[in-house]
Amino acid sequence: MSLLSLQTVTKIFGGLTAVNEVSFDVEQGSIVGLIGPNGAGKTTAFNVISGFYNPQEGDILFKGHSVKGFPPHRICRAGMARTFQNIRLFGSETALENVMVGCQVRRKSQWWMPVFSLPSARREEEEIREKAKGLIHRLALDSYMNEKASSLPYGAQRRLEIARALATSPDFLLLDEPAAGMNPQESTELM
């Protein structure tokens with residue numbers, strides 16, 4: 001069974017068919033690229049796969065179950081994360097806080113538990129903080145940990161978005177043009 005399977009997926013905007021009967025399978029553990037010229041529908045396909053758009057036709061199977069029509073947060077909770085072609089960080093939050101947001105999808109304690117400073121909620125918050133610090137280190141963002149995301153250099157913002165996606169502990173990661181707009185040095189650092 002494929003981890004992801006698109007079955008004749010079509011997305012139409014008004015009279016424009018952006019994605020036309022796209023079908024493919026992605027096996028567990030594989031690395032796959034979706035290539036095409038500008039305007040070919042790559043980002044639209046990512047938006048359909050991750051629940052930001054609903055396709056008019058076809059189906060999307062993730063781990064053998066249809067996720068067609070699921071909102072993005074449910075698809076993320078199921079184990080799929082993504083980055084965006086145009087960076088979407090919380091600019092007024094620090095790099096650490098941005099990554100910690102990604103960890104929230106796996107949080108076990110209820111939303112109200114931290115308000116009452118329950119020991120289990122405090123413990124989980126510390127685990128989230130440590131996981132986020134580890135991802136920041138892994139993506140070589142240590143020097144930016146306490147900086148506002150909006151003040152980071154472009155390449156660091158790209159890596160931060162990847163760290164936040166990884167913080168969701170995904171089984172499947174969609175990277176939408178992860179090196180777009182980077183200079184050669186930033187691209188090398190990303191690799």
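The model is predicted, so local features need pLDDT of at least 70 and side-chain atom pairs count only at pLDDT 80 or more, while totals for chains, interfaces and linings use all residues. Residues are numbered from 1 along each chain as its sequence is written, and side-chain values use heavy atoms, with hydrogens and water left out. Helices (H or I, at least four residues) and strands (E, at least two) are DSSP runs, numbered from the N terminus.

Two strands count as paired if DSSP finds at least two bridges between them.

Strand 1 covers residues 4–13, and strand 2 covers residues 16–26. Seven bridges hold this antiparallel pair. Val9 stands opposite Val22 of strand 2. Phe13 has Leu16 in strand 2 as its bridge partner. The two strands form a hairpin, with two residues between them. Gly14 lies in the turn and has a positive phi of about 60°.

Strand 1 also pairs with strand 3 (residues 57–62). The two run antiparallel and share five bridges. Here Thr10 is bridged to Glu57 in strand 3.

Strand 4 contains His65. Is His65 buried or exposed? His65 is exposed, with a relative accessible area of 56%. The classes are buried (under 20% relative accessible area), exposed (over 50%) and partly exposed in between, with a 1.4 Å probe and protein chains only. His65 and Ser5 lie 60 residues apart in sequence. In space, their C-alpha atoms are 9.5 Å apart.

Contact means heavy atoms within 4.5 Å. Axes are lines fitted to C-alpha atoms, for helices over the stretch in contact, and angles run from 0 to 180 degrees between N-to-C directions.

Helix 1 is mostly covered, with seven of its eight residues buried. Among them are Phe46, Val48 and Ile49. Lys42 is also buried. The buried residues pack against several elements, including helix 2 (72–78), strand 5 (80–82) and strand 6 (172–174). Gly51 follows helix 1 and has a positive phi, near 90°.

Two packed helices are described by the angle between their axes and the distance between the axes. Helix 3 (residues 95–103) and helix 5 (residues 154–166) pack at about 30°, with axes 7 Å apart. That angle makes helix 3 roughly parallel to helix 5. Angles under 35 degrees count as roughly parallel, over 145 as roughly antiparallel, 65 to 115 as roughly perpendicular and the rest as oblique.

On the helix 3 side, the contact involves Ala95, Asn98, Val99 and Gly102. Helix 5 contributes Leu160, Ala163 and Arg164. By class, this contact has four nonpolar, two polar and one charged residues. Ala, Val, Leu, Ile, Met, Phe, Trp, Tyr, Cys and Pro count as nonpolar, Asp, Glu, Lys and Arg as charged, and the others, Gly among them, as polar.

Seven of the nine residues of helix 3 are buried, so helix 3 is largely enclosed by the rest of the structure. Leu96, Met100 and Cys103 are among them. The buried residues of helix 3 pack against helix 4 (119–138) and helix 5.
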